Amino acid sequence: MRFIPVASLDELQENEGKPLKINNQVIALFKLTSGEVHAIENSCPHVGAPLDNGILEEKELSCLWHGWKFDLETGLSTSCPGVSIKVYPVKIEQNTVFVGLDEES
Ligand code: FES
């Protein structure tokens, strides 16, 4: 796994998604009110809506198109059992947010 710097912590707005494209992977970054940062695949498994503009309530993100819901921490859908999105490891050092990608990606 390789951690890539993707944003400064200060530039992230609380509870608003930030879309990223890194090595052909589409990722959405979210900073919660608690200060936690999560990175998820930015594509809804239903019919592919971007998830960075979804509606966030605590750690639960609702897709804007048809309302499927996902836990940002686990990636598991909280509305459709058995459905999930990819989540990426995040680390923060000083003011920089890093997202962990598999070596081959
Ligand atoms: S595309 Fe996300 S719920 Fe339909």
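A nonpolar core, as the term is used in these legends, is a set of buried Ala, Val, Leu, Ile, Met, Phe, Trp, Tyr and Cys residues joined through C-beta atoms within 7 Å. Please keep in mind that this is a predicted model.

**View 1. The largest nonpolar core brings together 19 residues.** Ile27, Ala28, Leu29, Ala39, Ile40 and Leu51 are the members with the most contacts inside this core. Strands β3 (25-31), β4 (37-41) and β10 are the elements that each give two or more residues to the core. The largest share comes from β3, with four residues. As a general background, nonpolar side chains tend to be buried together in soluble globular proteins.

**View 2. Here we zoom in on the contacts of isoleucine 40.** Leaving aside residues up to four places away in sequence, isoleucine 40 touches Ile27, Ala28, Leu51, Leu72, Gly75, Ile85, Lys86 and Val87. Isoleucine 40 is also one of the core residues with the most contacts inside the core.

**View 3. Three strands make an open sheet in the order β1-β10-β9.** The pairing in this sheet is antiparallel. Its edge strands, β1 (2-8) and β9, each pair on one side only. From one strand to the next, the twist averages 35 degrees.

**View 4. Strands β9 and β10 form a hairpin with two residues between the strands.** Four bridges join β9 (residues 90-93) to β10 (residues 96-101) in the antiparallel sense.

Terms used. Residues are numbered from 1 along each chain as its sequence is written. This is a predicted model: local features need pLDDT of at least 70, side-chain atom pairs count only at pLDDT 80 or more; totals for chains, interfaces and linings use all residues. Two strands pair if DSSP finds at least two bridges between them. Axes are lines fitted to C-alpha atoms, for helices over the stretch in contact, and angles run from 0 to 180 degrees between N-to-C directions. A residue is buried if 20 or more other C-beta atoms lie within 10 Å of its own, exposed if 12 or fewer, and partly exposed in between; C-beta atoms are placed from the backbone. Two residues are in contact if their C-beta atoms, placed from the backbone, lie within 7 Å.
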